[in-house]
Amino acid sequence: MTGLRYVYAVCRPFGAALQTQLTGVAGAPPKLLHHRSLVAVVSTVPERDFAEEPLHAHLEDLEWLTATARAHHGVIDALMTVTTPLPLRLATVFRDDSGVRMMLEAREGDFRRTLDRLEGRVEWGVKVYVESAPGETPGGTAESEPAAGKAVSGRDYLRQRSMRAREQEDRWRKAEEFATRLHETLAAHADDSRLHAHQDPALSGTSGRNVLNAAYLVPRAESEEFVEIVDRTKDDAPGMRVELTGPWAAYSFAGEKP
């Protein structure tokens, strides 16, 4: 194969065939590169896009990055139907097959330990948002001005602001307590968990203030029970929104345990 090698994931050898029409990054079909007890899932990508300098420029291009990420995740999703993949970072590229094999050789111990930990497990994502109340911006900040057409005295205005601030603080406190209880419950029903940084609504475009952004590593056989636990919480928190995503490959757990 000519061109550079794009690596999607590392996994154990498996017997099932990948989808015949599956294409990956740059439209190339993924192939299996065996090395001892491991398999790297790779495809060939052009140097004009994936050599160091052009790749650096492309990573600043949101449209290109989105298309590449979609193709990358499409291959990972296909692997999930036949094995337990250890997904690598987006745009992991090597010069040739020898470079990929050297990487497998150097990290064989880490890969094997991580694959043992991920075997038969999937990732579920759970987010909790506090819905914006009337008079608040989407990020949860109280509006500072009184409603148009409503003249109020300075004392009344300050009293209203103080009352809104107390209500806001009380709502956020209850939301944080709910998110903490939910995380503790879900973590107890998972083999591992990760707390990610809260999402900025200005960047995510999602309404409400994010108070929980977590990932959970759950055995496939126990996923139905895990989903039911999340579903039962959705009516327990007025003014809050619980979002469940998955099952995914274990992106959040692909590295060594912290």
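Predicted model: local features only at pLDDT ≥ 70, side-chain atom pairs only at ≥ 80, totals over all residues.
Residues are numbered from 1 along each chain as its sequence is written, and side-chain values use heavy atoms, with hydrogens and water left out.

Show the surface. The chain exposes about 14400 Å², and carbon and sulfur atoms supply 51% of that area (Shrake-Rupley method, 1.4 Å probe; for residues, only the protein chains shown count as cover). Switch to cartoon. The chain has eight helices and nine strands (DSSP runs numbered from the N terminus: helices are H or I with at least four residues, strands are E with at least two). Among contacts between residues at least 6 apart in sequence, 76% join residues at least 24 apart (contact means heavy atoms within 4.5 Å).

**Stop 1**

Alanine 26 sits in the loop between β1 and β2. Its phi is near 65°, a positive value in a residue other than glycine. Alanine 26 is exposed, with a relative accessible area of 54%. Glycine 27 is in the loop between β1 (4–11) and β2 too. Glycine 27 is partly exposed, at 48% relative accessible area. Glycine 27 and threonine 68 are 41 residues apart in sequence, yet 9.8 Å apart in space, C-alpha to C-alpha.

**Stop 2**

Strand β2 (residues 31–35) pairs with strand β3 (residues 38–45) in the antiparallel sense, over five bridges (two strands pair if DSSP finds at least two bridges between them). Histidine 34 has valine 39 as its bridge partner in β3. Two residues lie between the strands of this hairpin, and arginine 36 takes a positive phi near 55°.

**Stop 1: β8 and its partners**

Select 209–219. Ten of the eleven residues of β8 are buried, so β8 is largely enclosed by the rest of the structure. Which strands join β8? β6 does, through ten antiparallel bridges. Strand β7 (residues 192–195) does too, through four bridges, also antiparallel. Pick a pair on each side. Tyrosine 129 has asparagine 210 in β8 as its bridge partner. Serine 193 stands opposite tyrosine 216 in β8.

**Stop 2: the largest pocket**

About 380 Å³ of space lies in the largest pocket. A pocket is an open set of points on a 1 Å grid over the protein atoms alone, with protein on both sides within 12 Å along at least five of seven lines; a cavity is a set of points where a 1.4 Å probe fits but cannot get out, and lining residues have an atom within 4 Å of a point. Grid points are joined across faces, edges and corners, and a volume is the space filled by probe spheres set on the points.

α3 (62–80), β4 (86–87) and α5 (108–118) each supply at least two residues of the lining of the largest pocket. That lining divides into ten nonpolar, five polar and four charged residues (Ala, Val, Leu, Ile, Met, Phe, Trp, Tyr, Cys and Pro count as nonpolar, Asp, Glu, Lys and Arg as charged, and the others, Gly among them, as polar).

Stay on α5. Its buried residues are Glu108, Phe111, Thr114, Leu115, Arg117 and Leu118. Just after α5, glycine 120 takes a positive phi of about 75°.

**Stop 3: the second largest pocket**

The second largest pocket holds about 250 Å³ of space. Select Glu123, Lys127, Thr245, Trp248 and Ser252, the closest to its centre of the 13 lining residues. β6 gives the most to this lining, with four residues. Zoom to proline 247, in strand β9. The peptide bond from glycine 246 to proline 247 is cis, with omega near 0°.

**Stop 4: the cavity**

The structure holds one cavity of 30 Å³ or more. The volume of the largest cavity is about 40 Å³. Select residues of its lining, including Met80, Arg121, Arg220 and Trp248. Six nonpolar, two polar and two charged residues make up this lining.

Notes
Buried < 20%, exposed > 50% of the residue type's maximum accessible area, 1.4 Å probe, protein only.
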